[in-house]
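Welcome, and let us walk through this structure together, one part at a time. Please keep the sequence and the 3D view at hand as you read.

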Amino acid sequence: MGPPWQMDWVDTARTARDSLPKPVRDLIDGIRAELVTVEDPCFRGTDNIPDLPPGCRIAPLRSTVPNGLYVCYFDHGRGWIHYTFTRRTADPQIIVEEVFWQ
């Protein structure tokens, strides 16, 4: 299985995203487009360099759990998206668990 990946949103994350101003939602949509089309949404390896919008970066939330929750900081650290990537044979997907912007 490979990209494009499926992306699902926890209801609270979808509601938080939908309540943000349009420029911020557009930025999140750009991040989403990159996450669902990149070979490894956890951005591991030197050959998997992300093409994220300016001011965005991705890192594991806890470096001791490299296959766990990831965080994508956006808008130069003013917001973040927490997500997990589950590589399953039948239904691989990215699950967005939290969206925050201040």
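How confident is the predictor? The mean pLDDT of the chain is 84, and 85% of its residues reach 70 or more. Confidence is lowest in S2, with a mean of 85, and highest in H1, at 94. Where pLDDT is low, the predicted coordinates should not be read in detail.

Now for the overall plan. The chain has two helices and five strands, and from the N terminus on these elements follow the order β-α-α-β-β-β-β. Of the 102 residues in the chain, 39% are buried. Among the contacts with a separation of 6 or more, 46% are between residues 24 or more positions apart.

Let us look at the sheet. The five strands form an open sheet in the order S1-S5-S4-S3-S2, and their pairing is mixed. Strand S1 (6–9) and strand S2 (57–60) stand at the edges with a single partner strand each, so one side of each has no neighbour in the sheet. On average, neighbouring strands of this sheet are turned by 30 degrees against each other, direction ignored. Strands of a sheet pair through backbone hydrogen bonds, either parallel or antiparallel. Which way do S4 and S5 run? They are antiparallel, and eight bridges join S4 to strand S5 (residues 93–101). You can find one end of a bridge at Thr86, whose partner in S5 is Gln93.

Next come the helices. H1 lies across S1 and S5, and runs at about 50 degrees to S5. H2 packs on the sheet too, where it touches S1, S2, strand S3 (70–74), S4 and S5. The direction of H2 makes about 140 degrees with that of S3.

Is His82 buried or exposed? Its relative accessible area is 12%, and the cut-off for buried is under 20%, so His82 counts as buried. Leaving aside residues up to four places away in sequence, His82 touches Leu61, Leu69, Tyr70, Val71, Ile95, Val96, Glu97 and Glu98. The side chain of His82 also makes a polar contact of 3.4 Å with the side chain of Trp80.

Let us turn to charged residues. Side chains of opposite charge can pair when their charged atoms come close. How many salt bridges does a search of the whole structure find? There are four. In one of them, Asp29 pairs with Arg17, and the closest N and O atoms are 2.7 Å apart. Asp29 belongs to helix H2 (residues 22–37) and Arg17 to helix H1 (residues 11–18), so this pair ties together parts that are twelve residues apart in sequence.

Asp26 pairs with Lys22, with 3.1 Å between the closest N and O atoms. Both residues lie in helix H2, four residues apart, which is about one turn of the helix. Asp26 is partly exposed, at 38% relative accessibility.

Our last stop is the loop between S3 and S4, where you will find Asp75. Asp75 and Arg78 meet through their side chains in a salt bridge of 3.5 Å, N to O. Here Asp75 is buried, at 19% relative accessibility, while Arg78 is partly exposed, with a relative accessible area of 39%.

The backbone of this loop deserves a look as well. Most residues other than glycine have a negative phi, and most peptide bonds are trans. What is the phi of Asp75? It is positive, about 55 degrees, although Asp75 is not a glycine. His76 lies in the loop between S3 and S4 too, and His76 likewise has a positive phi of about 55 degrees without being a glycine. At 65% relative accessibility, His76 counts as exposed, whereas Asp75 is buried.

Note on methods: Residues numbered from 1 in each chain as written. Predicted model: local features only at pLDDT ≥ 70, side-chain atom pairs only at ≥ 80, totals over all residues. Heavy atoms only, no water. Buried < 20%, exposed > 50% of the residue type's maximum accessible area, 1.4 Å probe, protein only. Polar contact = N/O pair within 3.5 Å; in protein donor to acceptor, adjacent residues only side chain to side chain. Contact = heavy atoms within 4.5 Å. Pairing = 2+ DSSP bridges. Axes fitted to C-alpha atoms, helices over the stretch in contact; angles between N-to-C directions. pLDDT = per-residue confidence, 0-100.
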